[in-house]
Amino acid sequence: MDKYIELSKYAEQRLSPAVDIVIMALCLVLYILLFQSYITRNYMLKRIQRAVVYSYCSMGASLIGNVLMTRHPEQHMLIYAVRIIYYVLIEANVIFYATYVQEPLKMYNGGKQKNIFASLTGSFGLLAIITDIALTHAKVGFYIRPDDTVHNIHGNVYMVSIILLYSVIIFSVIRARKGITSRILVGLLGTTGISILMVIVQNFFGHTYFTSVAVFIPIISVTMLFHTGTYNIVTGMAGGDVFYSELQNVIRNKNTCFVFACYSNNFYQLMKLSDDFKNSYKNFYINVIRNGLICQIDPKRIVMLYRKQKKEDFDSITEHILSAFHESFDHTQLDYRLFAFEVSPKITLASDYRELLRFIENRVPDNSAHKITDVEIDEFIRRQYIQSQLSDMSMKKDLNDPRVIVYCQPVLNISTQKYDTAEILMRLRLEKYGLIYPDQFIPVAEDNGLIHELTMTILNKACKQIRTFLDKGIEIKRISVNFSIYDFNKENLCDEVMQIIENNNIPFNKIAIEITESNITRNFDKLKPRLMFLHEQGMKFYLDDFGTGYSNFERIMELPFNIIKFDRSLTIESKKNDNNYYMIKTFSTMFRTLEYDVLFEGVEDESDELSCIDMKATYLQGYKYSKPIPFDEYDNFLKRKVSNG
């Protein structure tokens, strides 16, 4: 190889405008995507954006250097300057990558070591620049002679610097492998190893343009590893999408796998504010989590997927993890609820496990651990099935849906001794589970915004049956239907109710609406005008479950209630002592004086009956008279008095 070579030939051998242009285009594309795509945005992303700018500018410097060497070889000082700028930017990107990857290692190495590493890499880069300038000045490195020929050297100090820095990165990653999840470990080692290989290979061919590619690859890798996958480089957690993807693979392949979950309100607050908590989390991560995949599925829920190893069982792994958890966090102020379960073949969708956790969470007290049982999983599957049926009903909006069954509980009118009123009760008859009771489906319907369609369907079916009774000449005073507070949030509620009653051709005074006491203060401004409007049409209103919550008498007096329903609990309390009896009787007497009717619920025997009558009841309801019955059998009660029953 010639010791000296013309600048233009040197440029042809060492530089490639095509590579520069391609890398510049990729930088522009990546920069645009960093702003426009849905990726994790934090201070680390801003560092990546700066690195992309460095890469773009370094390619621009390389392109300018190529033009100067081939077309203006006499511009020696400008060529020197552009070359230095190019390598300074290249070195800056290498230092960026070297310091960036210390973030996921921080869980293992600690903050001080990270700062030392940053100083070390910066010194490496500065030393490479100084050395290169010194070699040029001594005319043993890159320099241009007056005849426009260049001292041709095989390799340069920057390549050595890059290889050394990347080697240090690999050493740091391997050393900290206990604190890194396997995917991140393989990703960092693979990317860095490829970059080193490219720099070494190019040296054998006498090129330098592979250097640009070698330092651009790590920028892409950290973007993919730590941002597109919503990977949190501070906590070592992946995003929920990663968890669901991995869990679905487990389900598909029928692998044995355990899931450990933590619900916490203050985890991230403690991570930000408490160094002691950070150290506790670091120890727990290194000792336990590194053997599993840990993910944050939402701000309050953290889950870990743990694949079963040979000779491991659920109970022993659970005890080990719970023990490590308590050892790490019991002295901190972390609030938590822990859950552990084995992935079940009964649940075939990964996304359903999030709902399983929500289902169990409300049952578990704070700062406790719970193993989810097969019975609870079966109960959850039942709930999910009910929810799917409710969703189907809501979508179809069939007011005659055969799955909705109308029951009623007759109510005794004390003055007439007849069962001329009744409360409508809803049941569902579902193919998979048969008859479903309200306590099993009403909470599901309310939690998922599906209650309104059920209310309208039961109202329609009740009105239809009333029409049948009236057509047979069977007189009925009225029936009451329970409405949810969510029903009164519907803007067109009054129109819907009126349409259903009119379509069934029954008088409005045959229908009463029951509203639970605890709900009357919620959205009162929407509730009041709708009640007033329907009351003007002739409908009656019951205040349900009086005595179970905080009674706001001002609100009660503002609404057009006709009947106050005393909860079963008041009947029970009235028997405990004379003071309770006197107080409840006083309330009942007060309502009667104000021209409300009073209905006592839960009357189960003659003692209850006599007590409630003495407490000025107008109506009585309970198992003493009848359990809930199908509404089409209610005519048997309408035809008789108590003395005949």
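**Entry 1. Terms and ground rules**

I take buried to mean under 20% relative accessible area, exposed to mean over 50%, and partly exposed to mean in between, with a 1.4 Å probe and protein chains only. The model I examined is predicted, so local features need pLDDT of at least 70 and side-chain atom pairs count only at pLDDT 80 or more, while totals for chains, interfaces and linings use all residues. Residues are numbered from 1 along each chain as its sequence is written, and side-chain values use heavy atoms, with hydrogens and water left out. Helices (H or I, at least four residues) and strands (E, at least two) are DSSP runs, numbered from the N terminus.

**Entry 2. Salt bridges**

I counted as a salt bridge any side-chain nitrogen of Lys or Arg within 4 Å of a carboxyl oxygen of Asp or Glu. By this rule the count comes to 32 salt bridges.

I looked up arginine 363, which forms a salt bridge with glutamate 379; their closest N and O atoms are 2.5 Å apart. Arginine 363 lies in the loop between α14 and β8 and glutamate 379 in helix α15 (residues 374–396), so the pair ties together parts that are 16 residues apart in sequence.

I then turned to glutamate 361, which pairs with arginine 301 in a salt bridge whose closest N and O atoms are 2.8 Å apart.

My next pair was aspartate 471 and arginine 467, a salt bridge with its closest N and O atoms 2.9 Å apart. Both residues lie in helix α17, four residues apart, about one turn of the helix. Aspartate 471 counts as exposed at 57% relative accessibility, whereas arginine 467 counts as partly exposed at 21%. I also recorded that salt bridges that share partners join Asp298, Arg301, Arg354, Arg358 and Glu361 into one network.

**Entry 3. The largest pocket**

A volume is the space filled by probe spheres set on the points, which are joined across faces, edges and corners.

About 820 Å³ of space lies in the largest pocket. Which residues lie nearest its centre? They are Glu423, Leu425, Pro438, Asn482 and Asp544, from a lining of 34 residues. Among the elements that each supply at least two residues of this lining, I noted β10 (418–430), α16 (438–447) and α17 (451–471). I sorted the lining into 13 nonpolar, nine polar and twelve charged residues. Here Ala, Val, Leu, Ile, Met, Phe, Trp, Tyr, Cys and Pro count as nonpolar, Asp, Glu, Lys and Arg as charged, and the others, Gly among them, as polar.

**Entry 4. Cavities**

How many cavities of 30 Å³ or more does the structure hold? I found three cavities.

The largest cavity has a volume of about 270 Å³. It is lined by 22 residues, and Ala261, Cys262, Phe284, Phe325 and Leu338 lie nearest its centre. Helix α13 gives the largest share of the lining, four residues. The lining of the largest cavity divides into 21 nonpolar, one polar and no charged residues.

The second largest cavity has a volume of about 150 Å³. Of its 13 lining residues, Leu15, Met69, Arg83, Tyr86 and Tyr87 lie nearest the centre. Helix α4 supplies the largest share of this lining, five residues. I recorded nine nonpolar, three polar and one charged residue in the lining of the second largest cavity.

Lastly, I looked up isoleucine 485, which lies in the loop between β12 and α18 (493–503). At 4% relative accessibility, isoleucine 485 counts as buried. Isoleucine 485 and asparagine 519 are 34 residues apart in sequence, and 6.1 Å apart in space, C-alpha to C-alpha.

Conventions. On a 1 Å grid over the protein atoms alone, a cavity is a set of points where a 1.4 Å probe fits but cannot get out, and a pocket is an open set with protein on both sides within 12 Å along at least five of seven lines; lining residues have an atom within 4 Å of a point.
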